[in-house]
Amino acid sequence: MDKPNRPIPKIDVGQYEGTPIDQLPVGYCRWMLTQDFPLEWLKIAKAKVDASPLYKGTVVASMHAIDRFSLRFIKKWQEAQSRNLAGCRDRREGIATFLVKQAEKAWEEGKDVSRKRHKDDGIVMEYEGILYVFKQSPHFPEYKDLITVMERTRHIPNVPVDTGT
C-alpha cells in the first residue's frame, strides 16, 4: 500500500515564513544547509540546491568574506590576473570566483588552526598565510560557507605561527 503524500513543510521564520520549503529561492535553501533546521527541511532544501545549476561548488563565500578579501588581499587576486592575462584572456576570473577557489584549496590543502572553544566556533584553515573561516553543515559536511578571511598574525593565542623555516 502506498503511503499518502506528506505535505511539504513550511518555513516558520524570517521573510519567507509560511512558504513551502521546496518553493524557497535556491540561495535561501543553500543558506539553510549550514543552519540548524530540522533534518526533514534540510533534505528538501538540499534537493533543490543539488538540482540547481547555480550552486555546483561546495563552498559559498559570504559577502563579508568577499569584502574582507578585497580589502586585505586584493594584490593576491591582481597578481593572479596578471599571470592569467599572460597566458589567455579567457582565464581571467572575478574576485569572488578567485576567492572561492582559494577557499576550496584552503579546505583541502590548508592547516586546521581552529581553536575549538565551543561548538559554534568556525573551522579555521590556514593557507598561504591567510586564515579562512568556514561554517560547515553538520548534516551535509560537503557544504561549507566561507564566513571571513584574515591575515595570519602572531596575535592569535594558542596557535603557533608557521614561519616557513
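Student: How many helices and strands does the protein have?

Tutor: The protein has 5 helices and 5 strands. These are DSSP runs numbered from the N terminus: helices are H or I with at least four residues, strands are E with at least two. The model is predicted, so local features need pLDDT of at least 70 and side-chain atom pairs count only at 80 or more, while totals for chains, interfaces and linings use all residues. Residues are numbered from 1 along each chain as its sequence is written, and side-chain values use heavy atoms, with hydrogens and water left out.

Student: What pattern do they follow along the sequence?

Tutor: The pattern reads α-α-β-α-α-α-β-β-β-β.

Student: Which way do β1 and β5 pair, parallel or antiparallel?

Tutor: Parallel: β1 (residues 59-61) and β5 (residues 144-151) share 3 bridges. Two strands pair if DSSP finds at least two bridges between them. Val59 sits opposite Lys144 in β5.

Student: And how many bridges join β4 to β5?

Tutor: There are 7, and β4 (residues 130-136) runs antiparallel to β5. Leu131 stands opposite Met150 there.

Student: Is Glu128 buried or exposed?

Tutor: Exposed, because its relative accessibility is 52%. Buried means under 20% relative accessible area, exposed over 50%, and partly exposed in between, with a 1.4 Å probe and protein chains only.

Student: Helices now. What span should α2 have?

Tutor: Helix α2 (residues 39-51) has 13 residues, so at 1.5 Å a residue it should span 18 Å. The expected span is 1.5 Å times one less than the number of residues. The end C-alpha atoms of α2 are 18 Å apart, which agrees.

Student: Which residues of α2 are buried?

Tutor: Trp41, Leu42, Ile44, Ala45, Lys46 and Val49. The buried residues of α2 pack against α1 (26-32). Contact means heavy atoms within 4.5 Å.

Student: How far does α5 reach?

Tutor: Helix α5 (residues 95-109) reaches 20 Å from first C-alpha to last, close to the 21 Å expected for its 15 residues. Its buried residues include Phe98, Leu99 and Trp107.

Student: Zooming out, what share of the protein counts as buried?

Tutor: Of its 165 residues, 38% count as buried.
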